[in-house]
Amino acid sequence: MDSVLPGGCQCGEVRYEVRGKPLRTYACHCSICQKQSGSAFGLSAQFPGGSLDVTRGRLEHFVREGNGRGFRCYFCPICGTRIYHQMFTEKGDLPRINLKSGTLDDRSWYKPGCHVWAENAQPWVKFSDEDVVFAQQPKPEEMPVFHE
Ligand SMILES: [Zn+2]
Ligand SMILES: [Zn+2]
């Protein structure tokens with residue numbers, strides 16, 4: 001995979017580049033990700049904070065709260081495509097961003113390293129024996145690190 005990964009929103013107004021390799025990749029089956037994606041789960045790639053640059057257009061964001069944290073959720077103001085979110089606490093931003101991996105131009109390398117909130121998964125979602133599955137939200141250090 002390339003060290004600079006371009007991506008963008010559905011309408012093409014917003015383009016971005018993210019540098020480096022993800023820290024972790026995961027599928028989240030929580031009800032919030034189902035709502036956000038309009039689908040059965042969300043797909044994320046965590047990168048270090050500051051590794052994403054918007055190269056065209058601009059993002060807007062809204063804030064939601066949950067689990068004692070805030071989430072700034074960034075999206076294209078024209079088509080509404082979510083690009084990423086950044087978590088923060090009263091101590092400041094957490095040192096990572098959660099990119100919606102489906103917005104990357106090249107998704108051929110992507111595979112979720114684990115599944116979280118599996119207890120909330122749609123009943124037809126079947127996990128295989130090789131999948132790393134967490135019933136709820138694991139600590140970041142419990143999640144597999146990304147490897148190609
Ligand atoms: Zn757009
Ligand atoms: Zn979720």
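The legends below describe a predicted model, in which local features need pLDDT of at least 70, side-chain atom pairs count only at pLDDT 80 or more, and totals for chains, interfaces and linings use all residues; side-chain values use heavy atoms, with hydrogens and water left out. Residues are numbered from 1 along each chain as its sequence is written, while chains are lettered from A and ligands numbered from 1 in the order in which they are written.

View 1. C30 is buried (under 20% relative accessible area, with exposed meaning over 50% and partly exposed in between, for a 1.4 Å probe and protein chains only), its own value being 12%. C33 is also buried, with a relative accessible area of 14%.

View 2. C9, in the loop between strand 1 and strand 2, and C76, in the loop between strand 7 (69-75) and strand 8 (82-89), are 67 residues apart, and the pair links distant parts of the chain. Both C9 and C76 are buried.

**View 3. An open sheet of 3 strands in the order 1-2-5.** Strands (E, at least two residues) are DSSP runs, numbered from the N terminus, and two of them pair if DSSP finds at least two bridges between them. The pairing in this sheet is antiparallel. Strand 1 (4-8) and strand 5 (52-56) are the edge strands, each pairing on one side only. Neighbouring strands are turned by 25° against each other on average, direction ignored, the axes being lines fitted to C-alpha atoms and angles running from 0 to 180 degrees between N-to-C directions. Strand 2 (residues 15-19) is joined to strand 5 by 4 bridges, and E17 has D53 as its bridge partner in strand 5.

**View 4. Strand 4 and its pairing with strand 3 and strand 9.** Strand 3 (residues 24-28) pairs with strand 4 in the antiparallel sense over 5 bridges, and C28 stands opposite G42. Strand 9 also pairs with strand 4 in the antiparallel sense, over 5 bridges; here P48 stands opposite R96. Strand 4 is mostly covered, as 5 of its 7 residues are buried.

**View 5. The largest nonpolar core, with 19 residues.** A nonpolar core is a set of buried Ala, Val, Leu, Ile, Met, Phe, Trp, Tyr and Cys residues joined through side-chain atoms within 4.5 Å. V18, L52, I83, Y84 and L99 touch the most other members. Strand 2, strand 4 (42-48), strand 8 and strand 9 (92-100) each give two or more residues to this core. A second, separate core of 8 residues includes Y26, V116, F134 and M143.
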